[in-house]
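Please open the structure in the viewer and keep the selection tool at hand.

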Amino acid sequence: MPPAQPASYTASYPTIKLAPRGASRLKDGHVWVYRSDIAAADGVPPGSVVIVTDHRGKPLGTALYSSSSQIAVRLISPEPVADFEKLLRERIAEALAYRKKMVHDTDAYRLVFSEADFLPGLIVDRYNDIVSLQILTQALDAENVRTLVVEELSRHLQPAAIVERVDPRVRELENLPPRDSGLLLGEKKSTTFTMNAVKFQFDALEGQKTGAFLDQRENYYAAAHYAKGDALDVFCYQGGFALHLAPRCSHITGVDSSRPALEVADQNAALNRPRLGDKEIEWIEANAFDLMKDYSSSNRRYDTIVLDPPAFAKSKRDLDAALRGYKELNLRALKMLNPGGILVTCSCSYHISQPDFLNMLAAAALDAHRSLRLIEVRGQSKDHPVLLNVPETAYLKCVIAIAS
Ligand code: SAH
């Protein structure tokens, strides 16, 4: 074995000097530095591993540099890094070991969650025997890194296939050449996966995100405890909540504006026929805002309503409009709930904090003349860990409440 390399800042990485505001962000435990907080990055090639220093030249750690994103620096270690590839291998192994310990009752879960696993720019999800990955930064798009990631995932997991899901908008922001989604290993493009004993169809190169909303897995299970009676799952996508809640409910309706998502939802219902017995789930293709307006003005009543809209606030600027959107939906849902009815209400916008979301809900309850008692205030599943000093890693809110 070669002797371990001493940890020092002598590696031949370029140096980036931070302005005082950038340095204090890192000292406060965040891992991002914005471009405006960089004092000097002259001649640093795009996607480099860099040493970051404060304005006096004191090293603050090792980071990945992006020449085009607003997030110019993502810290990977507060220490010197002698061997970047070795660090990547260790981090991948640690991320997988964490899931082994924390994740149960599912063969679909997030294996690597970017900053929260100290691998900024890498997202990896497992759907049974298919692994789906996304690369979101210049540094991790390098050919040697891609090869290493695929090798490590295949060595640890022996999947039937590894696919890459490309987000063209991210590649544009990172000034990376366009690339198609596709297979990186193996041939298999579809499979079924099981979470909480509920089965789902998975087509690796279709659907939104990397396929399903794995971050809601534990919330599906929690919500199923309280669901009852006549239920409405609004923004149901491929039926995640509806399929979990159905056995507890006398009737359930899923609503989404996407026909392809509802077609998969219907296939999923067929996959779960033994569990569902002869219970039919009704899928309605509609704009949720229009449908909620119609239903509430025609005095429809439900015992359980789930609201899981897409992120209304894509940036801080949208915050007020987003909160108005959430309030309108929650207000209508509250008006439609029978006394004792269950509301499961979610937001996946990280710009909306948990207090913002609870304040919105309190205002909606007041306007609907309903008292709302909180049963559970939840976040994302444990395979999407939250890194406490990086608030952006905490994005999902899921409140389960009972209306009287
Ligand atoms: N609850 C789902 C995830 C919902 S994602 C699950 O657990 O899997 C948000 C969904 O909202 C998407 O399926 C999208 O098609 C749908 N959607 C977006 N805008 C909509 C609108 N105006 N009306 C109805 N559905 C909409």
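At roughly what angle do the axes of helix α2 (residues 84-102) and helix α3 (residues 143-157) cross? They cross at roughly 35° and come within 10 Å; axes are lines fitted to C-alpha atoms, for helices over the stretch in contact, and angles run from 0 to 180 degrees between N-to-C directions. This is a predicted model, in which local features need pLDDT of at least 70 and side-chain atom pairs count only at pLDDT 80 or more, while totals for chains, interfaces and linings use all residues. Residues are numbered from 1 along each chain as its sequence is written, and side-chain values use heavy atoms, with hydrogens and water left out.

Next, select the residues between these helices. Those of α2 include Phe84, Leu88 and Ile92, and those of α3 include Val145, Leu148 and Leu153 (contact means heavy atoms within 4.5 Å).

Now display the sheet. Six strands form an open, mixed sheet in the order β2-β6-β5-β4-β1-β3; two strands pair if DSSP finds at least two bridges between them. The edges are β2 (32-34) and β3 (38-40), each with a single partner strand, so one side of each has no neighbour in the sheet.

Select β4 (residues 49-53) and β5 (residues 59-65): the two run antiparallel and are joined by five bridges. Isoleucine 51 stands opposite threonine 62 in β5. Helix α2 also packs on the sheet, where it touches β4, β5 and β6.

Finally, select helix α1 (residues 20-27), which lies across β1 (15-18), β2, β4, β5 and β6 (71-77). Helix α1 runs at about 165° to β2.

Methods: Helices (H or I, at least four residues) and strands (E, at least two) are DSSP runs, numbered from the N terminus.
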